[in-house]
Amino acid sequence: MTSKKSRRRGRFIVLEGIDGSGTTTQLKYAAEWLERKGELVHTTREPTDGPLGLMLRQILRGRLVSTPGAVSGDAKPQPMDPAAVALLFAADRLDHLHNEVLPHLEAGRHVICDRYVLSSLAYQSLETDLRFVRNINEKALAPDLTIFLRVRPDVAMQRIETTRTTRDTFEQLPLQRKVAAAYDKLLEGYREGTVTILDGEEEMSMVTTRMRAALDTLF
Ligand code: TYD
């Protein structure tokens, strides 16, 4: 019998948190840490940089709106229907999964993704039914580890105000409070071990140290 030496499948790691919680910064440190340990890593994000992700970014910036058929002749452009937006996030995710995430995992690379299904459950459930959001994300592969960076909404908003010139639709304090509450509720029901919750308000180097410890549990 011939034995084929196959490379071990990579681990799928996700970073989550409200806007301004520091996922993008910590994602870089997570990749650096794994690479330093000699691991192969691929970093990515959702919404993606693919066609559906680009469309979503336009929607979030309010640059892409719905143009209804003018029944009365004076129909104005309308925001996209929230359920349609939820479907777009789910479609972007499946495209991402099949064309980018899975091929990298199968090639033995660890994939670290900035936001994933939990983002849809937290954000889209504010405007559409949570059960619907869960159902349309049913085909999405479960991550091996999710790292949630917990930061209070007012602290996160302050960070956004000092670092950014443009704002997405979700980046307003009352909405961020609702997103944070939605995340907290969702996290209560998560299985121990698959989600690590970190205090994202600690000094950045401390957050990184704790995140490294969480990553090390995977190996
Ligand atoms: P974000 O990671 O903040 O991207 P950027 O730093 O480039 O602005 O993501 C953009 C927004 O998308 C953020 O407010 C959360 C939202 N989002 C959802 O509402 N649902 C989702 O499923 C995902 C992945 C993101």
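Gln26 is buried, with a relative accessible area of 4%; buried means under 20% relative accessible area, exposed means over 50%, and partly exposed covers what is in between, using a 1.4 Å probe and protein chains only. The structure is a predicted model, in which local features need pLDDT of at least 70 and side-chain atom pairs count only at pLDDT 80 or more, while totals for chains, interfaces and linings use all residues. Residues are numbered from 1 along each chain as its sequence is written, and side-chain values use heavy atoms, with hydrogens and water left out.

**Around Gln26**

- Gln26 belongs to helix α1, which spans residues 23–36; helices (H or I, at least four residues) and strands (E, at least two) are DSSP runs numbered from the N terminus.
- Not counting residues up to four places away in sequence, Gln26 touches Leu15, Leu149, Met204, Val207, Thr208 and Met211, where contact means heavy atoms within 4.5 Å.

**Nonpolar cores**

- The largest nonpolar core has 34 residues, and those touching the most other members are Phe12, Ile18, Tyr116, Ala122, Tyr123 and Tyr183.
- Two or more residues of this core come from each of β1 (12–16), α2 (51–60), α3 (82–106), β3 (110–114), α4 (117–124) and α7 (173–188).
- The element giving the most to this core is α3, with 7 residues.
- Another core lies apart from it and has 18 residues, among them Ile13, Leu149, Ala214 and Leu215.
- A nonpolar core here is a set of buried Ala, Val, Leu, Ile, Met, Phe, Trp, Tyr and Cys residues joined through side-chain atoms within 4.5 Å.
- Leaving aside neighbours within four places in sequence, Ala122 is in contact with Val179, Ala182, Tyr183 and Leu186.

- Two packed helices are described by the angle between their axes and the distance between the axes.
- Axes are lines fitted to C-alpha atoms, for helices over the stretch in contact, and angles run from 0 to 180 degrees between N-to-C directions.
- The axes of α2 and α3 are 9 Å apart, and the two helices pack at an angle of about 150°.
- The crossing in which α2 passes α3 is left-handed; a crossing has this hand if the near helix is turned anticlockwise from the far one by less than a right angle, and is right-handed if clockwise.
- On the α2 side, the contact is made by Leu52, Gly53, Met55, Leu56, Ile59 and Leu60, and on the α3 side by Val85, Leu88, Phe89, Ala91 and Asp92.
- These contact residues of α2 and α3 divide into 9 nonpolar, 1 polar and 1 charged.
- For such counts, Ala, Val, Leu, Ile, Met, Phe, Trp, Tyr, Cys and Pro are nonpolar, Asp, Glu, Lys and Arg are charged, and the others, Gly among them, are polar.

**Packing of α3 with α4**

- At an angle of about 175°, α3 packs with α4, and their axes are 11 Å apart.
- This makes α3 roughly antiparallel to α4; angles under 35 degrees count as roughly parallel, over 145 as roughly antiparallel, 65 to 115 as roughly perpendicular and the rest as oblique.
- Val85, Ala86, Phe89 and Arg93 of α3 make the contact with Val117, Ser120 and Gln124 of α4.
- The classes in the contact of α3 with α4 are 4 nonpolar, 2 polar and 1 charged.

**Packing of α4 with α7**

- The axes of α4 and α7 cross at roughly 125° and come within 8 Å.
- The helices α4 and α7 are therefore oblique to each other.
- The crossing of α4 past α7 is right-handed.
- Leu118, Ser119, Leu121, Ala122 and Tyr123 of α4 make the contact with Gln176, Val179, Ala182, Tyr183, Leu186 and Leu187 of α7.
- The contact of α4 with α7 has 9 nonpolar, 2 polar and no charged residues.

**Phe89 and Pro47**

- Phe89, in helix α3, is buried, with a relative accessible area of 9%.
- Leaving aside neighbours within four places in sequence, Phe89 is in contact with Pro47, Leu56, Leu60, Ser120 and Gln124.
- Pro47 lies in the loop between β2 (41–45) and α2, and a cis peptide bond with omega of about -5° joins Glu46 and Pro47.

- Ala156 is found in helix α6, residues 153–163, and is buried, with a relative accessible area of 0%.
- Not counting residues up to four places away in sequence, Ala156 touches Ile18, Asp19, Gly20 and Val151.
- Arg115 lies in the loop between β3 and α4 and counts as buried at 14% relative accessibility.
- Phi of Arg115 is near 75°, a positive value in a residue other than glycine.
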